[in-house]
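Biologist: Please take one part of this model and go through it closely, then place it in its wider setting. I would like the cut-offs behind each term as you use it.

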Amino acid sequence: MSSLKFSDVTLKFGGISALNNVSFEVKPKTLYAIIGPNGAGKTSIFNCISGIYRPTEGSIHYGDSDIKYLRPDQVANLGIARTFQNIELFENMTVLDNILIGAHRHLNYGPISSLIFSNKTRKSELEARKIAEDIIDFLEIEQFRYSYIMSLPYGVQKRVEIGRALAMDPDLILLDEPAAGMNNEETEDIARFIIDIHEEMKKTVILVDHDMNMVMDIAEEVMVLNFGEKLAEGKPEEIVKDSKVIEAYLGVSEL
Ligand SMILES: Nc1ncnc2c1ncn2[C@@H]1O[C@H](COP(=O)(O)OP(=O)(O)OP(=O)(O)O)[C@@H](O)[C@H]1O
Ligand SMILES: [Mg+2]
């Protein structure tokens with residue numbers, strides 16, 4: 001397992017800096033949260049890590065690998081998976097098939113070997129199915145196994161996205177607002193899954209969310225972003241008392 005190290009990253013879009021000289025490090029097996037008002041740059045950090053955006057300046061390392069120039073598939077192959085703020089699933093496929101896609105990636109199920117229905121392919125198929133079924137049980141979405149994504153409530157879709165990311169068996173998982181738009185009960189369920197992903201599956205988790213109660217309850221370390229700049233970093237109990245943080249959040253309805 002590796003540390004993720006974000007060093008002096010600046011990300012510019014034209015004249016606007018989405019991120020300005022941001023540095024932080026996430027040690028293996030930490031549950032690290034990133035919070036901040038709308039437009040603070042939280043999703044941009046995930047996009048930089050996962051190879052969707054390329055920082056204008058600075059570096060990003062995962063263990064010994066410099067990942068700044070990698071493509072999204074190369075980043076995924078290093079064991080980094082993510083979910084998206086706006087769900088990105090195959091809408092006209094079932095829950096099981098969406099999660100199987102993640103499992104197949106992990107099992108390195110090449111297109112050539114799947115053409116020849118070999119024993120190896122058959123074994124991979126069974127293995128992928130087992131991985132997917134275990135994740136479906138874990139996320140308590142058994143009854144939706146054969147449902148099409150587009151027919152499902154938003155909260156279930158959010159779980160399926162976590163499931164697809166988990167099926168890749170990543171060491172590091174990036175969760176972009178997994179509890180957005182959820183009621184209290186659904187948020188509690190998601191919080192429980194995140195704790196299990198961290199404690200039982202022993203994964204490193206970076207969590208972005210607006211639900212301050214959840215973040216402060218479950219995160220081990222919190223970074224606060226504001227207008228693309230790192231405002232504070234520390235344990236949840238330090239962050240809630242930080243005067244800069246309180247000031248930046250004054251008038252923000254989520255708090
Ligand atoms: N592809 C892009 N092109 C231009 N500007 C962008 C792009 N992506 C992000 N930005 C800008 O960068 C800033 C940070 O956006 P980002 O999506 O990272 O914020 P966020 O903290 O995730 O916000 P939210 O809480 O609303 O999800 C915003 O000003 C946004 O408009
Ligand atoms: Mg965002």
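Modeller: Helix H1 gives the largest share of the shell around ligand 1, namely 3 residues. Helices (H or I, at least four residues) and strands (E, at least two) are DSSP runs, numbered from the N terminus. The model is predicted, so local features need pLDDT of at least 70 and side-chain atom pairs count only at pLDDT 80 or more, while totals for chains, interfaces and linings use all residues. Residues are numbered from 1 along each chain as its sequence is written, and chains are lettered from A and ligands numbered from 1 in the order in which they are written.

The shell around ligand 1 consists of Phe13, Ile16, Ala18, Gly36, Asn38, Gly39, Ala40, Gly41, Lys42, Thr43, Ser44 and Gln85; a residue is near a molecule if its C-beta atom, placed from the backbone, lies within 6 Å of it. Two elements give two or more residues to this shell, strand E2 (16–26) and helix H1 (42–49). By class, the shell has 4 nonpolar, 7 polar and 1 charged residues. Here Ala, Val, Leu, Ile, Met, Phe, Trp, Tyr, Cys and Pro count as nonpolar, Asp, Glu, Lys and Arg as charged, and the others, Gly among them, as polar.

Between them, 9 residues of domain 1 are in contact with 9 residues of domain 2, where contact means C-beta atoms, placed from the backbone, within 7 Å. On the side of domain 1 that touches domain 2, strand E7 (172–176) and helix H7 (184–199) each supply at least two residues. That side of domain 1 divides into 7 nonpolar, 1 polar and 1 charged residues.

The axes of H3 (residues 95–107) and H6 come within 7 Å and cross at roughly 20°; axes are lines fitted to C-alpha atoms, for helices over the stretch in contact, and angles run from 0 to 180 degrees between N-to-C directions. H3 and H6 are therefore roughly parallel (under 35 degrees; over 145 is roughly antiparallel, 65 to 115 roughly perpendicular, the rest oblique). Their crossing is right-handed, that is, the near helix is turned clockwise from the far one by less than a right angle, anticlockwise being left-handed. From H3, Val95, Asn98, Ile99, Ile101, Gly102, Ala103 and His106 meet Val160, Gly163, Arg164, Ala165 and Ala167 of H6. This contact has 7 nonpolar, 4 polar and 1 charged residues.

H3 and H5 have axes that come within 9 Å and cross at roughly 125°, which makes H3 oblique to H5. The crossing of H3 with H5 is right-handed. Leu96, Ile99, Leu100, Ala103, His104 and Leu107 in H3 meet Ser124, Glu127, Ala128, Ile131, Ala132, Ile135 and Ile136 in H5. The classes in the contact of H3 with H5 are 10 nonpolar, 2 polar and 1 charged.

Helix H5 (residues 119–138) also packs with H6 (residues 154–167), at an angle of about 140° and with the axes 10 Å apart. H5 and H6 are therefore oblique to each other, and their crossing is right-handed. Ile131, Ala132, Ile135 and Ile136 of H5 make the contact with Gly163, Leu166 and Ala167 of H6. The residues of the contact of H5 with H6 divide into 6 nonpolar, 1 polar and no charged.

Notes. Two residues are in contact if their C-beta atoms, placed from the backbone, lie within 7 Å.
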